[in-house]
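This report walks through one protein chain step by step, for a reader who is new to structures. Please keep the model in view while reading.

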Amino acid sequence: MTDRCPIFPVRSGVPLIGLGILMLLFAIVPAMMPGMVPLPLPVAVLFIGAGFGMIWLGLTR
C-alpha cells in the first residue's frame with residue numbers, strides 16, 4: 001500500500017487541507033456576503049462536512 005494522498009499524488013496532506021478550506025469557503029462566504037445567493041442548506045451542509053473531513057484527513061497524514 002502506498003503512503004500517498006488519495007486525491008493528489010503527493011505524500012503530504014497539504015492539498016487535502018487546502019481543498020477542505022476551499023470547500024468551507026464556498027459554503028460559508030456566500031451566506032455571509034450581502035448580494036450573493038447562498039447555497040441550499042443540504043448542499044452547504046455537504047460542503048461543510050466534506051471540508052472538515054478533508055482537513056482532518058490532511059492533518060492525520
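## A bend in the helix

Helix H1 bends by about 25° at Leu 25, where the bend at a residue is the angle between axes fitted to the seven residues ending there and the seven starting there. Helices here are DSSP runs of type H or I with at least four residues, strands are E runs of at least two, and both are numbered from the N terminus. The 19 residues of H1 should span 27 Å at 1.5 Å a residue, and its end C-alpha atoms are 27 Å apart, which agrees; the expected span is 1.5 Å times one less than the number of residues.

This is a predicted model, in which local features need pLDDT of at least 70 and side-chain atom pairs count only at pLDDT 80 or more, while totals for chains, interfaces and linings use all residues. Residues are numbered from 1 along each chain as its sequence is written, and side-chain values use heavy atoms, with hydrogens and water left out.

## The whole chain

The protein chain has two helices and zero strands, and buried residues make up 21% of its 61 residues. Buried means under 20% relative accessible area, exposed means over 50%, and partly exposed lies in between (1.4 Å probe, protein chains only). Among contacts between residues at least 6 apart in sequence, 58% join residues at least 24 apart, a contact being heavy atoms within 4.5 Å.

## The covered side of H1

Which residues of H1 are buried? They are Leu 16, Gly 20, Met 23, Leu 24, Ala 27 and Pro 30, and what covers them includes helix H2, residues 41-59. An α-helix has 3.6 residues a turn, so residues three or four places apart point the same way.

## The nonpolar patch

Ile 21, Leu 22, Leu 25, Phe 26, Val 29, Met 33 and Met 36 make a nonpolar surface patch of about 620 Å². Patch residues have over 30% relative accessible area and no salt bridge, with like charges joined within 9 Å and nonpolar side chains (Val, Leu, Ile, Met, Phe, Trp, Tyr) within 5 Å. A salt bridge is a side-chain nitrogen of Lys or Arg within 4 Å of a carboxyl oxygen of Asp or Glu.

Technical notes:
Areas by Shrake-Rupley, 256 points an atom, 1.4 Å probe, with all protein chains shown as cover.
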